[in-house]
Amino acid sequence: MASSDNDNPSIPLSEWCEARYLGKNRGYGVVALKDIPESTTILTDNALIGIDEADTMSRRARRWIKRQYAALPDEQKRRFDALHCFISDEARIEVELKLRHITGDGDGDSDGGARARARYLRNYERAHTFATNCFDVATSNTQAALFADASRFNHACRPSAEYDVRLPVGAQGDVGQARWEAWAVRNIEAGEEITINYSFRNKQRAERQGLLLKTWGFTCTCSVCDLEGADQGAESRKFDADLRNLDSDMAEWDRISYVFRGWNNGEVNERLERLDTRIDLARDVGNQEILWKS
Ligand SMILES: [Zn+2]
């Protein structure tokens, strides 16, 4: 594991971990500073920017991000600017075309629109930084928030940490108050990189990798993807079967939580918790199967 250098200093995150430069390909990642027992809360983080808009690249979302960015203290702006920004080739072409049509007419620019184009580009890039790094709020279909420290974690399909994004009780309408929390799902050794699963956990390898590439621009080479890539047939098929079984649980969870979202109903909450546990257990079983066989 490459250690940090003067150009890429390590960033303390909590008593348990720091963000460390892991080399050109991986960029920054989060590394354990000491042995972390399973279930330990590794990091909590407060939202820098939050939006309530399903499409993070829509005009409304961009306005939302622009406004909140402008209101951040300089130190927070620097943290935002330092985050990874992924823009797909498709999106780049789209913005090039858009820029050609911005002439600055009407907004007082005397430079043929150069300033208007630069302004558009800055807002567009910030929206992409947000989209690259944001997390969905667990209880909402439209709310998403960006957390500067949480964004340092790299992805693995079989992660060593789980996370949750919630709003404090009574703050359901205010996504800016979202809170991120991660905990160890197994014992993690000092010096080990800590990973989380960004998304797409109940998908099979080809689909997972396609979505990760499209959304974040990288090809996953985690231990599960490598195992499957090596075409170790039986293990790979077993893992995929576990994932398929998860699908029905996940679908039910989505359905119930969508219908009853916001209700304070003991029976429904209990059912959701049971499903939560079942999904976690099924995933753990799938993971351990792989662990034992790999
Ligand atoms: Zn993977």
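1. Start with the helix pair. Helix α1 (residues 59-71) packs against helix α4 (residues 114-133) with an angle of about 95 degrees and axes 9 Å apart. Axes here are lines fitted to C-alpha atoms, for helices over the stretch in contact, and angles run from 0 to 180 degrees between N-to-C directions. That makes α1 roughly perpendicular to α4 (the label covers 65 to 115 degrees). From α1, the contact takes in Arg62, Ile65, Lys66 and Tyr69, and from α4 it takes in Tyr120, Asn123, Arg126, Ala127 and Phe130; contact means heavy atoms within 4.5 Å. Sorted by class, that is five nonpolar, one polar and three charged residues.

2. A word on the model: it is predicted, local features need pLDDT of at least 70, side-chain atom pairs count only at pLDDT 80 or more, and totals for chains, interfaces and linings use all residues. Residues are numbered from 1 along each chain as its sequence is written, and side-chain values use heavy atoms, with hydrogens and water left out.

3. Now the five-stranded sheet. This open sheet runs β1-β2-β3-β11-β8, with mixed pairing. β1 (11-12) and β8 (154-155) are the edge strands, each with a single partner strand, so one side of each has no neighbour in the sheet. Two bridges join β1 to β2 (residues 17-21) in the antiparallel sense, and Pro12 sits opposite Glu18 in β2. For the terms: strands pair if DSSP finds at least two bridges between them, while helices (H or I, at least four residues) and strands (E, at least two) are DSSP runs, numbered from the N terminus.

4. There's also an open sheet of three strands, ordered β4-β10-β9 and paired antiparallel. β4 (41-46) and β9 (161-166) hold the edges, each with a single partner strand, so one side of each is left without a neighbour in the sheet. From one strand to the next, the twist averages 15 degrees. β9 pairs with β10 (residues 179-184) over six bridges, in the antiparallel sense; Tyr163 has Ala182 in β10 as its bridge partner.

5. Last, have a look at the second largest pocket, with a volume of about 160 Å³. Thr139, Arg166, Leu167, Pro168, Val169 and Gln172 line this pocket. By class, the lining has three nonpolar, two polar and one charged residues. On a 1 Å grid over the protein atoms alone, a pocket is an open set of points where a 1.4 Å probe fits, with protein on both sides within 12 Å along at least five of seven lines; lining residues have an atom within 4 Å of a point.

Definitions and conventions
Grid points are joined across faces, edges and corners, and a volume is the space filled by probe spheres set on the points. Ala, Val, Leu, Ile, Met, Phe, Trp, Tyr, Cys and Pro count as nonpolar, Asp, Glu, Lys and Arg as charged, and the others, Gly among them, as polar. Angles under 35 degrees count as roughly parallel, over 145 as roughly antiparallel, 65 to 115 as roughly perpendicular and the rest as oblique.
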